Amino acid sequence: MSFKGIALVTGAAQGIGRGVALRFADDGYTVAVNDLGSNSEKLDSLVDEIQNKGRASSKYIADVSLEGEVKDMVDQVVRDHGGLDVMVANAGIGGPIRLPFIETSAEQWDRVMSVNARGPFLCYKYAGLQMIKQGRGGRIIGASSFSGKQGVPTKAAYSASRFAVRGLTQVAAQEFGAHGITVNAYAPGLIDTPMGTLAAQDDWDVASLVSFLASAESQFITGQTISINGGIFFD
């Protein structure tokens, strides 16, 4: 498999992010992986697995809700690997489970939005800046959800955060398009991961979609949030 470029996957220690990172290695990318410090050992194991596939890999500990850490992470990936061609803003949290709207605190709302909406905003921004600087185009891909297309009762903050990713994706796609950068998102149903165990499909299904969105064959697809939900609903 020929070298495809440099990809960065946030929230890669487990679940969908891990599946995407391994798929990128199979596709021929150098794969930079990110997560919080509490998942450092899982990242080490993932880096080893990617390197065993014959691909370069390295880990980056950063909180995607903190601007300075996201900027430093992107800068370090570029220093270590020579550029950035694909950003997958996958990191996210589930937030309160089955909490009625009127019982959701402002603090709970802010925490979910800081990771699930502010995080993708920062990842899109700093990946976009780097890709524009490089002048060779790129792919930016974010994590939405089926609950970012259809609001879910008792999941106010989570649904709102995933709806926000759709808006960010559409705006970034329009602004970055002139630079040859496509921006899309994926909206899974219930995936068999630590965040959702009632599986509509597994994380490899999502990894296959992300692989396509990162490929040259997807060059005319941008601004889209693509459902991959096993027919939970049609949009």
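I count a salt bridge where a side-chain nitrogen of Lys or Arg lies within 4 Å of a carboxyl oxygen of Asp or Glu. The model is predicted. Searching the whole structure on that criterion, I find 7 salt bridges. Side chains of opposite charge can pair when their charged atoms come close.

**Entry 1**

I began with arginine 18 and glutamate 49, whose side chains form a salt bridge with an N to O distance of 2.5 Å. I then checked accessibility. Arginine 18 has 30% relative accessibility and therefore counts as partly exposed. Glutamate 49, with a relative accessible area of 29%, is partly exposed.

I next looked up aspartate 26, which makes a salt bridge with lysine 53; their closest N and O atoms are 2.9 Å apart. For aspartate 26 I read 36% relative accessibility, which is partly exposed. Lysine 53 has a relative accessible area of 38% and is partly exposed.

**Entry 2: loop to loop**

I place arginine 136 in the loop between H4 and strand S5 (138-143), and aspartate 85 in the loop between H3 and strand S4 (86-89). The two are 51 residues apart, and the pair links distant parts of the chain. Is aspartate 85 buried or exposed? Its relative accessibility is 14%, and the cut-off for buried is under 20%, so aspartate 85 counts as buried. Arginine 136, at 47%, counts as partly exposed.

**Entry 3: H3 against H4**

Last, I looked at how helix H3 (residues 67-81) packs with helix H4 (residues 106-134). The angle is about 35° and the axes are 10 Å apart. I record the crossing of H3 past H4 as right-handed. From H3, the contact uses Glu67, Val70, Lys71, Val74 and Val78. From H4, Arg118, Leu122, Cys123, Lys125, Tyr126 and Gln130 take part. Sorted by class, I get 6 nonpolar, 1 polar and 4 charged residues in this contact.

Terms used. Residues numbered from 1 in each chain as written. Predicted model: local features only at pLDDT ≥ 70, side-chain atom pairs only at ≥ 80, totals over all residues. Heavy atoms only, no water. Axes fitted to C-alpha atoms, helices over the stretch in contact; angles between N-to-C directions. Helix = DSSP H or I, 4+ residues; strand = E, 2+ residues; numbered from the N terminus. Left-handed = near helix turned anticlockwise from the far one by under 90°. Contact = heavy atoms within 4.5 Å. Nonpolar A, V, L, I, M, F, W, Y, C, P; charged D, E, K, R; others polar. Buried < 20%, exposed > 50% of the residue type's maximum accessible area, 1.4 Å probe, protein only.
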